[in-house]
Amino acid sequence: MSGKLLIIGTPIGNLGDLTPRMAEAMRGCDLLLCEDTRHSGRLLQHLGIEAKLESFHDHNEDGKGERMAALIEAGKTVGLISDAGLPVICDPGFALVRLARQRQMRVETIPGPFAGSLALVASGIAPLPFAFFGFTPHKQGARLDFYRDMAARAMTSIVYESPQRLIDSLRDALSILGDVEATVAREMTKLHEEIANGVISTLLESFSARETIRGEITIVFAAAAKTEPVHSESDLLREFEALREKGMRRADAIKVLAEGHGLRKNDLYKMLMGE
């Protein structure tokens, strides 16, 4: 006898988006895995569902996979939900789904809203091709690299951002992507939903003028314009050699060139060293 793993979408804010199929799926589970039992408990209470809840998050996901697999193999139906939206995407669950697939277990998905796609279709920005990059890094250096990678792909891009870092993130995006069209979608489907459109500089000015910024934020960026490098590889090599002749260490010379030309140090190193 074999059970199954249900990946169940939940509303991202407005409970009116909860479908009968979502409720039916949760009601039929022997065990529901969730990020926060208190948060999901309120959802189940709203639906009048009595179900066994167990926490399943980034800190315990790896240790629970085998036990969940054993339950499914014993014929149990295990449901996976997140605090909001579809599990697995920027939420726990990937390792469990992968394990279930490797064991050839039955895996079903119950559709639910995804803030990234909702923001995309409301943005008015060309929807195809697009890429979803998840949350931006906390530290500026990593975030700049994050936006450089995005720019290199030259397609509509979607990211999640925290309200505390929105201003810094928009400023970094402007420096890398250029002043492209963007949309900041805040509190999607909730009472105070806001969808702000414009070029990055306009959005940066608008949000910088606010005393506080609250809510969950999704940003959609139009594709960065492709630009030709200002300096050729031979020009960069000459500059590098000139710095070295002045007594500058190799690592320092690469750092100076990278910062001066807006390049990544690792890419510049490989170019100059022939790797």
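Tyr 147 is buried, with a relative accessible area of 0%. Here, buried means under 20% relative accessible area, exposed means over 50%, and partly exposed is in between (1.4 Å probe, protein chains only). A quick note on where this comes from: the model is predicted, so local features need pLDDT of at least 70 and side-chain atom pairs count only at pLDDT 80 or more, while totals for chains, interfaces and linings use all residues. Residues are numbered from 1 along each chain as its sequence is written, and side-chain values use heavy atoms, with hydrogens and water left out.

Now for the rings. Searching the whole structure turns up six aromatic pairs. Rings of Phe, Tyr and Trp (its six-membered ring) pair if their centres lie within 6.5 Å; planes under 30 degrees apart count as stacked, over 60 as edge-to-face and the rest as tilted. Two of the pairs look like this:

| Pair | Centre to centre | Angle between planes | Type |
|---|---|---|---|
| Phe 135 and Tyr 160 | 5.2 Å | 65° | edge-to-face |
| Phe 146 and Tyr 147 | 5.5 Å | 80° | edge-to-face |

Phe 135 sits in strand β6 (residues 130–135) and Tyr 160 in strand β7 (residues 156–161), so their pair links parts of the chain 25 residues apart. Strands (E, at least two residues) and helices (H or I, at least four) are DSSP runs, numbered from the N terminus. Phe 135 is partly exposed at 48% relative accessible area, whereas Tyr 160 is buried at 12%.
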